[in-house]
Amino acid sequence: MRESAPSIVLVEPQLGENIGAAARVMLNFGLTDLRLAGPRDGWPNPAAEAMSAGAFEAGLHVTVFDTVEAAIADLSYVLATTARPRGAMEKPVHGPAEAVAAIEARGGGGCGVLFGAEKSGLSNEAVTLADAILTYPVDPAFSSLNLAQAVAVFAQAWPEAAPPPEGFGGVDAPASREDLVGMFEHFEDELERAGFFFPPEKTPLMKQNLRNAFIRGQWTTQEVRTFRGAVKALALGRGKARVGRED
């Protein structure tokens with residue numbers, strides 16, 4: 001297995017059989033880190049075990065999380081798999097080969113691919129947390145793929161990737177998703193205090209637009225620290241101004 005192999009994240013998977021089939025095909029192609037975010041039937045799941053053909057005992061590692069944010073907290077580059085247009089979300093859209101190349105270019109791990117639940121796919125909130133969208137060249141008239149099949153298409157493309165280009169990357173490490181979500185929440189809290197989110201019914205869309213814009217920036221850990229420091233300074237300055245007026 002290459003060190004840059006990404007994590008596969010199943011978001012709210014419903015059927016144990018699909019989890020087991022996804023695990024089986026992952027190990028077929030050298031992918032060993034499976035993350036489950038809020039599996040409907042909990043974990044462990046006997047149906048998944050039966051369908052995995054022994055993948056769990058043969059080296060595939062499973063970690064369970066309550067939320068998608070927790071499942072990708074330590075990742076610095078995330079792809080969201082979807083066949084549906086996502087409105088105003090300005091994100092790069094990759095096919096399997098492009099997605100694999102993007103992951104390989106960030107060699108050393110810290111990457112993940114999100115797959116949504118069988119019934120409805122990924123929510124807009126989950127897609128917002130991703131750097132780019134992964135989609136497959138399926139027939140638009142019949143684009144529905146079984147969850148394990150969707151994982152299989154990506155897994156099959158993974159071993160075909162070219163080696164990562166030399167000299168990629170800067171000096172500072174890319175920010176983890178946990179760092180970015182913390183930055184989002186910090187900024188949004190201060191905007192809330194300042195009365196920015198108005199009218200209230202537009203708040204979810206306004207937050208989604210802000211997060212999409214930030215995600216495109218490919219932030220480093222140092223940039224996140226600097227921005228959060230700037231937000232804190234502005235908030236403190238606003239408080240001093242209020243005190244001054246009251247005096």
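Q: Where is S52 found?
A: S52 sits in the loop between α2 (46-51) and β3 (61-65), where helices (H or I, at least four residues) and strands (E, at least two) are DSSP runs numbered from the N terminus. This is a predicted model, in which local features need pLDDT of at least 70 and side-chain atom pairs count only at pLDDT 80 or more, while totals for chains, interfaces and linings use all residues. Residues are numbered from 1 along each chain as its sequence is written, and side-chain values use heavy atoms, with hydrogens and water left out.

Q: Why is S52 called buried?
A: Buried means under 20% relative accessible area, exposed over 50%, and partly exposed in between (1.4 Å probe, protein chains only). S52 has a relative accessible area of 1%, so S52 counts as buried.

Q: Which residues is S52 in contact with, leaving aside its neighbours within four places in sequence?
A: They are G20 and R24, where contact means heavy atoms within 4.5 Å.

Q: What makes helix α4 (residues 96-105) mostly covered?
A: Seven of its ten residues are buried, namely P96, A99, V100, A102, I103, E104 and A105. These buried residues pack against β4 (77-81), β5 (93-94), β6 (111-115), β7 (132-134) and α6 (147-157).

Q: What makes the nonpolar surface patch of about 180 Å²?
A: V138, L145 and V153 make it. Nonpolar side chains (Val, Leu, Ile, Met, Phe, Trp, Tyr) are joined within 5 Å, and like charges within 9 Å. Areas come from the Shrake-Rupley method with a 1.4 Å probe; for residues, only the protein chains shown count as cover.

Q: Why does L145 count as partly exposed?
A: L145, in the loop between β7 and α6, has 35% relative accessibility, so it counts as partly exposed.

Q: Which residues gather in the patch of negative charge on the surface?
A: E69, E185, D189 and E192 do. Asp and Glu count as negative and Lys and Arg as positive, with His and the chain ends not counted; the charge is placed at CG of Asp, CD of Glu, NZ of Lys or CZ of Arg. Helix α7 (residues 177-193) gives the most to this patch, with three residues.

Q: Why does E185 count as partly exposed?
A: E185, found in helix α7, has 41% relative accessibility, which puts E185 in the partly exposed class.

Q: How many helices and strands are in the protein?
A: There are nine helices and seven strands. Of its 247 residues, 45% count as buried.

Methods: Patches are made of residues with over 30% relative accessible area and no salt bridge: like charges are joined within 9 Å, nonpolar side chains (Val, Leu, Ile, Met, Phe, Trp, Tyr) within 5 Å. A salt bridge is a side-chain nitrogen of Lys or Arg within 4 Å of a carboxyl oxygen of Asp or Glu.
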